[in-house]
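Open the model in your viewer and keep the selection panel at hand. The stops below follow one another, each with something to select.

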Amino acid sequence: MNVPVIDVHTHMLSREFLAVLKEHGGPIYSVEDVPVLGGTSQAIHKNGAMFMTLFEEMFDYDLRLQKMNDAKVDIAIVSLTCPNVYWGDVEISASTARLINDNMIFEQSRNPDRIRFLCSLPWQYPEEAIKELDRAVSLGAVGVMVIANIAEKQLIDPMFAPVWEAIDKHSLPVLVHPSLPPGSDFMQLDVYHLAASTGFLIDTTLAISTMIMDGFFDRYQNLKIIASHGGGTLPYTIGRLDQIWKCVPAGREKIDRLPSSYMPQIFADSVVYRQSALQLCVAEFGEDNVLYGSDFPHNIGDMVGILERVDAMAAGPRDKIRSKNAQRIFNL
């Protein structure tokens, strides 16, 4: 097959980033030993709930490239994952953003045909975030990574408006990636690893739904929002948002058209684990708005299996999801 594969949802860390998180992430974030298949590893926890197990592939780009070759993935648009840099004071957050962005800039320079990156920003300090955005874009960032809640503030919070305006001026794609949603301790997401299976989808769905209902996509029409994990539950619940808009006055406070009419302005990745889920994702977002993503190298990431589901689709949507949509919105 001549159509390349571009992975838009895939993560990397650095040892230096992890050291800073261990030193300054407390008391909210901690790194602790956890059992994994075949032994033990370390995992990042939030308020005691595990949400990310650490693996060597998260730090070793040569190993990443080997795994990409094995899975027949051509380009990885790497990003830092949660908790990103939304902890620490202004100096720690801003310097940690520069630290991880510089690491990705370097790795992109080593393998310019295989690696691109989404920059991380100290969103909770908007002036510093805009400075880092401009610097990272000038050095090769092709988009932005944002967590679906920033230190438990909604992405539509007025304090973030200057950052969104700056991204909109750059016309950049933004990967909205979940973390644990506010209230995760009450929801007991620390049991059965519900943090990743259910909590993450709640976080993304709430973020994107709020953006729609708040008129975000009317205010910012140049940027491209990519909703992680197949858009959370949005493909299943967008009709419910429409019904709220039709029947409840609160649904019309900020928008004067159906919530589903904004779906052409929103993108989703293919990080779902059933063929029927991928088909629903494409049906609701449209075949021009779904992009291949793997969630590698998380332990539930799956470059091969997700690509097999994409390749099982008809040739038109298959080729768009493999890379044509990503080439268009990332200008690759």
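Rings of Phe, Tyr and Trp (its six-membered ring) pair if their centres lie within 6.5 Å, and planes under 30 degrees apart count as stacked, over 60 as edge-to-face and the rest as tilted. This is a predicted model, in which local features need pLDDT of at least 70 and side-chain atom pairs count only at pLDDT 80 or more, while totals for chains, interfaces and linings use all residues. Residues are numbered from 1 along each chain as its sequence is written, and side-chain values use heavy atoms, with hydrogens and water left out.

**Aromatic cluster.** Select Trp-123, Phe-160, Trp-164, Phe-216, Phe-217, Tyr-220 and Tyr-262: ring pairs link these residues into a cluster. The structure holds eight aromatic pairs. In the pair of Trp-164 and Tyr-220 the ring centres are 6.4 Å apart and the planes stand at 35 degrees, so this pair is tilted. Trp-164 sits in helix α5 and Tyr-220 in the loop between α7 (216–219) and β11 (224–227), 56 residues apart in the chain. Helices (H or I, at least four residues) and strands (E, at least two) are DSSP runs, numbered from the N terminus. Are the two residues buried (under 20% relative accessible area) or exposed (over 50%), with partly exposed in between, for a 1.4 Å probe and protein chains only? Trp-164 is buried at 1%, and Tyr-220 is buried at 7%.

**Helices α4 and α5.** Next select residues 126–138 (α4) and 161–170 (α5), whose axes come within 9 Å and cross at roughly 20 degrees. Axes are lines fitted to C-alpha atoms, for helices over the stretch in contact, with angles from 0 to 180 degrees between N-to-C directions. Angles under 35 degrees count as roughly parallel, over 145 as roughly antiparallel, 65 to 115 as roughly perpendicular and the rest as oblique; α4 and α5 are therefore roughly parallel to each other. To see the contact (heavy atoms within 4.5 Å), show Pro-126, Ala-129, Ile-130, Leu-133, Asp-134 and Val-137 of α4 with Pro-162, Val-163, Ala-166, Ile-167 and His-170 of α5.

**Positive phi.** Move on to Ser-171, in the loop between α5 and β10 (173–177). Phi of Ser-171 is near 55 degrees, a positive value in a residue other than glycine, and this residue is partly exposed at 29% relative accessibility. Asn-331, in the segment after α12 (315–330), also has a phi near 55 degrees; Asn-331 is exposed at 67%.

**Cis peptide bonds.** Finish with Gly-26 and Pro-27, joined by a cis peptide bond with omega about 0 degrees. Another cis bond joins Phe-296 and Pro-297, with omega about 5 degrees.
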